[in-house]
Amino acid sequence: MLQYGERKPAAPPDRTTDGTQLTQARAGRSTPEMQYVAAREGMEAEAVRREVAAGRAVLPANPRHEALEPMAIGRAFRVKVNANIGASATTSGVEEELEKLHHAVHHGADTLMDLSTSHGDLDAIRTALIARCPVPVGTVPIYQALEAVGGEIAELDLESYLRVVEKQARQGVDYMTVHAGTLRDHVRLTHGRVTGIVSRGGAILAAWMAHHGAENFLYTGFDQVTEMLREHDVTYSLGDGLRPGSIADASDVAQFAELRTLGELQRRATDAGVQTMVEGPGHVPMHKIRHQVELEQDWCHGAPFYTLGPLVTDIAPGYDHITSAIGAAMIGWHGASMLCYVTPAEHLGLPNKDDVKAGLVAYKIAAHAADVAKGHPGAQAWDDALSRARFRFDWNEQFRLALDPDEARRKHDENLPQDAFKDAKFCSMCGPSFCAYRISQDERVLSGAPAVAGEAEAHDVGLTFRRR
């Protein structure tokens, strides 16, 4: 789905194969993907190139992902939203995941992560998703690496991990979560936490380090992983294996010790020509959110911040798409570049297609609210266009501009289903006698003013708002 005001170029561009997006940008070259992003975001291609070259933005675009319509993640761009899907040992398969993919893209996902685990054929699921997915696809390679060694954590090693990374890169994965900053000393700092380690990748590596009495092999082998990603132009998403899983654990010494290490790794990766973003929490109460962004921007050299939520309270299982969307709007306002959605199934089970929709709608609202709050060019134009339609009682235009037109129309039509009511100057809330908008318009006429004020300057960007 394009955002209001976002212009989709006529066709996906020819793909860059000579180096990574980062090395091309630093060489002063504006790639076809950068030009495509510039057209979508309403920017100059040179501005996109500068952000990528500085490491303040990433453009995840594996050349083997042929269905990709490129996009960028960074503070200079609209706040993006990721949708997690994936099969598990107990449920789902290829067809179910493709259905989730359809719902995710239709409702506005900017990227998609395949978090499938313990399924009979992980490669088949991923191949099917990448072939049909127009947005960047991310994975967490350690999941499949663990499957490859029969689920025995102690049998993991760098070589088996790199084989999975290469396989997934050749399939067309655009970015990968790598928990290279979770160190032995950091894990010890979590022993007094209320909820311990909640990241699957972080927990796997903590167990591996405890068994072997050795440092995280993704940290000691970081340069080898980096070289593999550089070869295929896969973007790093440096994973926060020690993110807080409860507000009691937010901003603790373990989380921030890992964040400092992620800053070190981010610098090493970008120096090597690999695009890098940094993952963030988690569960954080509202009064601690801004500090999270400030530290990440300082310690990680302005790299894009990709956050899960954060959830601002822990008391609402079944409604965590709401508890987290509150935090997501705030952290996006303060500078996070991409928000990983949380669905109503969070903490309870595997999300289905309806959970995917609910999570995405909540997060598209949060992302847009953040864009408005930070004054992103053109963001409020969408709100203003819908408000004008609402005041004019232009119901069909209000539906068209709504984030979820089908739901807006359904709610309106529950009590006033007839087509004649699409021109009515009231809804079923107030009826014809108590509608404040109608009374306000009448007052204007009695005062000698036009009932509906002149339109603001025409904003043709509204014409480009559509769904796939």
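1. Strand 6 and strand 7 (residues 235–238) run parallel and are joined by four bridges. Within this pairing, threonine 177 has serine 237 of strand 7 as its bridge partner. Strands here are DSSP runs (E, at least two residues), as helices are (H or I, at least four residues), and both are numbered from the N terminus. Two strands count as paired if DSSP finds at least two bridges between them.

2. This is a predicted model, in which local features need pLDDT of at least 70, side-chain atom pairs count only at pLDDT 80 or more, and totals for chains, interfaces and linings use all residues. Residues are numbered from 1 along each chain as its sequence is written, and side-chain values use heavy atoms, with hydrogens and water left out.

3. On its other pairing, strand 6 meets strand 5 (residues 137–139) in the parallel sense over two bridges. Methionine 176 in strand 6 stands opposite threonine 139.

4. In strand 6 (residues 175–178), Tyr175 and Thr177 point one way, while Met176 and Val178 point the other way. All are buried, that is, under 20% relative accessible area with a 1.4 Å probe, protein chains only.

5. Eight strands, in the order 3-4-5-6-7-8-9-10, close into a barrel with parallel pairing. From one strand to the next, the twist averages 25°. Angles run from 0 to 180 degrees between N-to-C directions, with axes fitted to C-alpha atoms, for helices over the stretch in contact (heavy atoms within 4.5 Å).

6. Helix 4 (residues 94–106) lies across strand 3 (80–85) and strand 4 (111–114), at about 165° to strand 3.

Technical notes: Buried means under 20% relative accessible area, exposed over 50%, partly exposed in between (1.4 Å probe, protein chains only).
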